[in-house]
Amino acid sequence: MNGGHSDVLIVGAGPAGMAAAVSAAGLGLSVRVIDDQVAPGGQIWRGIEAVAASPRLARLGDAYGEGVSRAAAFRVCGALYEPQSQLWQIEPGFRAFVTRDGEARVFTATAVILATGAQERPVPFPGWTLPGVLTAGAAQILLKTADQVPEKPVWIAGCGPLPLLYMTQLLAAGGSIAGFLDTTPRGRMGAALRHLPGGLRRLGDLVKGLSWSRALQRQGFPIIRQVTELRAEGEGRLQRLSYRTANGRGDSVPAEVLLVHEGIVPNIHAPLALGCDIRWHEGQHCYVPVLDEWGEASQANVFIVGDGAGIGGMEACEPRGRLAALRLAARMQKLGEAAADAAARKERAALSRALALRPLLDTLYAPRPQVFAPADETLVCRCEEVTAGELRSRAVQGQPGPNQIKAFTRAGMGPCQGRQCGYTVAHILAAAQNRSVEDVGFYRIRPPLKPVTLGELASLDEQETAA
Amino acid sequence: MNREGFDVAVIGGGLHGLSAALHLARAGSRTVVIERHWTGRHASGATAAGVRTLNRDIAEIPISLEAMEMWHRMASIVGDDCGFKAHGQMRVAEREEHMPALLQREARVRALGYTHEEMIDAAELRRLVPALSPHCLGALISRQDGAADPHRTIAAFRRACEREGVTIAEGCGVTSAERRDGDWHLSCGSRRFTASAVVNAAGAWAARVAALFGDEIELGLRASMMIATERVAPLLKPVVSVVGRALSFKQSDQGTLVIGGGLQGSAQLDRARSSVHFSVLAKGAKAASDLFPVVRGARIARCWTGIEAQTRDHLPVIGVSPNAAGLFHTFGYSGHGFQLVPVVGAIVADLVTEGRTSRAIGAFAPERLMQGRAAA
Amino acid sequence: MKDASMFHKLHDPGLSAVTVYIDGQAVAAEAGESVAAVLLRQPAGWSRTTPISESPRAPYCMMGVCFECLVEIDGKGSVQGCLTPVREGMSIIRHMGVRRLSA
């Protein structure tokens, strides 16, 4: 049942995981990389190798194109690469339980680097479970991996850099936009500008963002500002979209596809499974792992890099990945402490530059309050179909925390294991009980991280018996 | 210092604590349940909720049969049937060599005058559980047994307690106990409780609580692992266990397959945490898929463990403390306490309010685990 | 649910074209793209109906965290379509309501 041992097991082959792998392997560590996807790239550079050879590369933008050389370097770095491998449990020690092609295996490693990235923040509103409602990130993945765009002019709702980038890419690909429902609340730009002095270190990115915005405004599709409420309606699929703005204006329009996005949050399931401490990040409205200056978590030899360490964007991924590799190389005597420190100074400078724009972006694109306070009829737990109203009425019977609410309502018990309802449940409890979200806490994460089959789990025992 | 005065303080808000409190309140006692986290946080919230008289220790049979009678009228006790369904529990023999043990068990309980356990042959087994692998040969069955919904049960007992005026103090861990003027004075952080009687229903932590009162009781730990799958279409109704393997298999009302059977994870009492070990749990998945080949493709939604106390003879501790006046113990259910919840609550209420009970509880006396300790 | 497709593909797969079967119906796809992407191009763009209310759901996140694209693929149930690349001849069955286990 043991699929092999390595010095380092890296989970995730996105920008951070690949940088960590290239660096760690280069420093002489044995490295294994497991990843959900069929090819390296993570979400940022999803499908990069396939797209690299096609004319589509140009219209997906320069930042995407940077992934070509990274994936190529990763392929030849000497790390054992296991694509299409689902990590379903990781136990201290470390033992990683992985399924690939329907077969379960256990990999052991001395250290673990979690480069499991981020997911889009769940945005519950009435009708968000209807076919036709997707995340903007999902649409971008469809564009990158399947060269696929919405059939008709598409509605996009939300805030943050991703909708702007996707709309730019979509237009370049020949798609069309029905309208953009900008959910950025009033006054955010003013608040965000307080962070401008720091952000000036990343002037280029600021200019790029503004140029996207201007180019989009010239396209002539409606841009509705300060949207606060959304509602999707339809018989079996999205047919109609209603919205309301802060000043009470609203409309109801026909729609086939609605793309939503309200920022991204770190994937914390794997760190929690390993017992790593997390803390509430006020600025990013999510939990982030507690890490030292090398990216090491509260559990020794567990490192967390990339957006899973806290949202830092693409440029922060690679320095974080390399810092973890440097620390491990020094610890495993492949590199002197002084040499690791010297190399780390360079990476930390790059990281600090990469994060310079973050406070401004976090403030500008902080989720609107309605994201966390959906109307009573909204399905908060998509899997078990638990509404906000049910959660609210339970929330005031005693002072239940997320785990009790889960036991009584089954919210968070479905296949997504709370990935789509965890934050909403915490906010609903906090509001109903007049507590802080941090005080309310988060679901206890119960293994497995991914729904392995009974047969796959049983095969581990069968392999052991046969051995 | 604000002191909250009661007749009885129950330490531990699991099902046994809640049941004791409910029966005490009905007997007229002003009762508080003092719970360190929240009601049902540990073993009660992690149980498979089997309602089983089948294959119990002979000493437990009388109270288990009485409990079963109570389960069949649970709505009249707590205002909800707790999701109890009496589809039977059975213990299956996979091989010829497993049959004699089941037949002997049947003969033994019959000789004692009990009729709740009976042998069934392969044909009856197939009729009751068509999804079972055809290699199974027969089973010992208790048809009145079944299973309930654990969270619904916790909620129902808690609500019943509240209706009877029981105070439930959550987030309240008892850190010291002192006997003054015929009352126990309990400290829990900033809160103080006084009560003339105390019930120790602290589950895995019961030996630590007992020690606060001067009772040294030998107590082990269990961290039984459980698997729940995705929802699947109806597959079976009874609860199935098997001779020679750690497996208990049932389907919940929601359609999830719930697999337990006592495979052990690890528990840390100080951190109140327990962990699943998948290489061990693989044996449970193997047993489940051997007995029910169709489940190999079912997806595991979650696995968990609950921490619970285990005595060396696997019998609970139910009785009056031999050392500490006004202290009563109810813990050490070793993985099979769920079914006993209603009757033990009544027993504890008898002991506290009348000083005696008509039920046979001699085998559960705390002394049996205290003498060994003193001698060691 | 018999309206037009929600998404369409911008290029012709050419030599990469494969045929997959959704609920037995032959459907054109491109080798390597995900099952979820193919489902979203169908006139009925949904991937399953839920086990509880039997309401239709479609791929939502495309990155493995929403589990709305669970389908049966070549006999294996509850597989995440967004993480599964299509292959020639693949059979994709949409789960209707609560899943029925079959050997």
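Trainee: Chain C to begin with. Of its contacts between residues at least 6 apart in sequence, what share joins residues at least 24 apart?
Mentor: That share is 45% in chain C. Keep in mind that this is a predicted model.

Trainee: Okay. How many helices and strands are there in chain C?
Mentor: One helix and eight strands. The order along the sequence is β-β-β-α-β-β-β-β-β.

Trainee: And the radius of gyration of chain C, what does it agree with?
Mentor: It agrees with a compact globule, because 103 residues would give a value near 13 Å and chain C has 13 Å. The C-alpha trace spans about 40 × 30 × 25 Å along its principal axes.

Trainee: How much of chain C counts as buried?
Mentor: 59% of its 103 residues.

Trainee: What about charges in chain C?
Mentor: There are 10 positive and 10 negative ones. Their mean positions are 6 Å apart.

Trainee: Switching to chain B. What's in it by way of helices and strands?
Mentor: Eleven helices and 20 strands. In chain B, residues 24 or more positions apart make up 72% of the contacts with a separation of 6 or more.

Trainee: What about the radius of gyration of chain B?
Mentor: Chain B has 21 Å. A compact globule of 376 residues would come out near 21 Å, so the two agree. Its C-alpha atoms fill a box of roughly 65 × 45 × 45 Å along the principal axes.

Trainee: And which share of chain B is buried?
Mentor: Buried residues are 61% of the 376. Chain B exposes about 13600 Å², and carbon and sulfur supply 49% of that area.

Trainee: How many charged side chains in chain B?
Mentor: 43 positive and 37 negative. The centres of those two sets lie 5 Å apart.

Trainee: Last topic, His269(A). Where does it lie?
Mentor: In helix α11 of chain A, which covers residues 269-273.

Trainee: Is His269(A) buried or exposed?
Mentor: Buried, because its relative accessibility is 9% and the cut-off is under 20%.

Trainee: What does the His269(A) side chain reach?
Mentor: The backbone oxygen of Gln417(A), at 3.0 Å.

Trainee: Which residues is His269(A) in contact with, leaving aside neighbours within four places in sequence?
Mentor: Gln417(A) again, plus Arg419(A), Ile445(A) and Leu449(A).

Conventions: Residues numbered from 1 in each chain as written. Chains lettered and ligands numbered in written order. Predicted model: local features only at pLDDT ≥ 70, side-chain atom pairs only at ≥ 80, totals over all residues. Heavy atoms only, no water. Helix = DSSP H or I, 4+ residues; strand = E, 2+ residues; numbered from the N terminus. Rg over C-alpha atoms; globule rule 2.2 N^0.38 Å. Buried < 20%, exposed > 50% of the residue type's maximum accessible area, 1.4 Å probe, protein only. Contact = heavy atoms within 4.5 Å. Areas by Shrake-Rupley, 256 points an atom, 1.4 Å probe, with all protein chains shown as cover. Lys, Arg positive; Asp, Glu negative; His and termini not counted. Charge placed at Lys NZ, Arg CZ, Asp CG, Glu CD. Polar contact = N/O pair within 3.5 Å; in protein donor to acceptor, adjacent residues only side chain to side chain.
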